[in-house]
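Biologist: Could you bring up the model, so that we can go through a few of its features together?
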Amino acid sequence: MDSKVANKKKISKSALQEKKGIPSPKSLSSNVAKTIRAQRKKRLSVDDLVSGILAGNITALSRAITLIESTNPAHSKQANAIITKCLPHSNSATRIGITGVPGVGKSTFIEAFGLHLTSLDKKVAVLAVDPSSSLSQGSILGDKTRMNDLVKNDHAFIRPSPSGNSLGGVARKTRETIILCEAAGFDTIIIETVGVGQSETAVHSMVDFFLLLKLAGAGDELQGIKRGIIEMADAIVINKADGDNIKAAKMAKVEFNRALHLYPSKASQWSPKVSLCSALKHEGIADVWHMIEDYLKTTSANQYFETNRHNQNKFWLLQTIEERLKSKFYNAPEIKLALPIQMKRVEAGEITPFAAAEYLLSL
C-alpha cells in the first residue's frame with residue numbers, strides 16, 4: 001500500500017469532516033419550499049417546549065435556551081414561563097465549573113472527562129462559554145468541533161454560548177440554562193469558562209465544585225499563594241502531564257500542594273487537592289472524578305452542600321435585581337434623552353461625571 005494512502009487512513013476525521021455534504025436538488029417545487037419555510041417559522045408554545053424538555057428532547061431544550069439567551073424583550077415573558085415550569089424538576093444535578101488559562105486544554109479535558117462520565121451511565125451537559133469580540137460582538141462558538149467524540153455521544157449535550165459583556169466569562173443566562181438542562185434529565189452539568197481572573201466569582205457562585213486546570217511551569221510557590229482564583233478552587237488539576245512534561249508536572253504538583261497549605265480552612269471543611277492528568281491520553285481522568293465524589297460526600301455529610309446552594313440562590317436574586325434595574329434605567333425614555341446631553345457636558349468640562357450621574361439617577 002502506498003505510504004501516502006496509509007497516512008490518510010490514519011488521520012481521524014474531525015466533526016467538520018464527519019459526513020459529506022448533501023448536494024442541493026436541481027429543482028424544488030414552490031409548495032415544498034413553502035412547507036419548509038413554514039416549519040422553520042413555526043413557534044412552539046411554552047407547554048410544548050416544557051413537555052419536550054421534560055421528555056429529554058434535545059431540540060426542545062436547544063430552542064428554549066435560545067429563547068432564554070435572546071435579548072428581544074418579546075421573548076423574555078416566554079422564557080420566564082419556561083424556567084418557572086422547569087424549576088420543580090431541577091436542582092438534582094452535580095454542577096462543575098472548569099476554568100484555566102487559554103491553551104491549558106480545557107476542551108480536551110472536558111471531552112475526556114465527559115466520555116468517562118457517560119461510560120458510567122451519566123448524562124452530561126456541557127455549557128461552553130465562548131469569548132465575544134469587543135469590536136464585532138461576535139463569537140466563533142467552535143467548542144463542538146474540539147469535542148469530536150463527545151458531541152456524537154447520545155448521553156451528552158454541548159451548548160456553546162457567547163460570553164457577551166458578562167464578567168468572568170459566564171454567559172448572561174447560564175444560570176437559567178442550568179435549570180433547563182437539569183429538567184431535561186442531565187445529572188452532571190459542566191460549565192467551561194473562557195479563561196481565568198478575579199471575576200471568576202461568577203462561575204464559583206453557580207457550581208458545586210470548582211476545578212482549576214493548570215500547566216507545569218506556570219509559577220512557583222509564591223505564584224501559587226496569590227489570592228483570587230487559587231483561593232476559590234476546590235481542586236487544581238495539572239494537565240498535559242505526559243511525555244517529557246511528566247517531571248515538570250510532578251514538581252508543579254509539589255509546589256501547589258505547599259501553597260495550598262498556607263490558605264485558611266474552607267467553610268466546606270474540604271481540603272483542596274492537586275492532581276495530575278493527561279487529557280490527550282485519557283490518563284488520570286478517573287482520579288479527578290473520584291476526587292469530586294469525595295468532595296460531594298464530605299459536603300453532603302456536613303450540610304455545606306445545601307447551604308451553599310441556598311447562598312447561591314440569594315446571590316443570583318441580588319444579581320438579577322441589579323441587572324433589571326440597570327436595564328430599566330438605560331431603557332427609560334427620559335434617560336435616553338438626557339444621557340447624551342450629560343455626556344457632552346462632561347466632555348466639555350461643564351460638569352463632573354459624578355454630578356452628571358447624580359442628575360441622571362434623580363430622573
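Biologist: How many aromatic pairs does a search of the whole structure find?
Modeller: Keeping in mind that this is a predicted model, the search of the whole structure turns up seven aromatic pairs. One of them is formed by F109 and F113, which are stacked, with 5.6 Å from centre to centre and 10° between the planes.

Biologist: And where do F109 and F113 lie?
Modeller: Both lie in helix 6, which covers residues 106-119, and they are four residues apart, or about one turn of the helix. In general, an α-helix has 3.6 residues a turn, so residues three or four places apart point the same way.

Biologist: Is F109 buried or exposed?
Modeller: F109 counts as buried because its relative accessibility is 0%, and F113 counts as buried too, at 1% relative accessibility; the cut-off for buried is under 20%.

Biologist: Changing topic, which residues of helix 3 are buried?
Modeller: In helix 3, residues 46-54, the buried ones are V46, L49, V50, G52 and I53. Seen down the helix axis, these buried residues fall within an arc of 160°, so they line one face of helix 3.

Biologist: What do the buried residues of helix 3 pack against?
Modeller: They pack against helix 4 (58-69), helix 5 (73-86) and helix 8 (174-183).

Biologist: Last one: which ring does K123 lie over?
Modeller: K123 lies over the face of F186, at 4.7 Å from the ring centre, while K273 lies over the face of W270, at 3.9 Å from the ring centre.

Methods:
Residues are numbered from 1 along each chain as its sequence is written. This is a predicted model: local features need pLDDT of at least 70, side-chain atom pairs count only at pLDDT 80 or more; totals for chains, interfaces and linings use all residues. Side-chain values use heavy atoms; hydrogens and water are left out. Buried means under 20% relative accessible area, exposed over 50%, partly exposed in between (1.4 Å probe, protein chains only). Helices (H or I, at least four residues) and strands (E, at least two) are DSSP runs, numbered from the N terminus. The arc is that of the directions from the helix axis to the C-beta atoms. Contact means heavy atoms within 4.5 Å. Rings of Phe, Tyr and Trp (its six-membered ring) pair if their centres lie within 6.5 Å; planes under 30 degrees apart count as stacked, over 60 as edge-to-face and the rest as tilted. A charge sits over a ring if NZ of Lys or CZ of Arg is within 6 Å of the ring centre and within 35 degrees of the ring normal.
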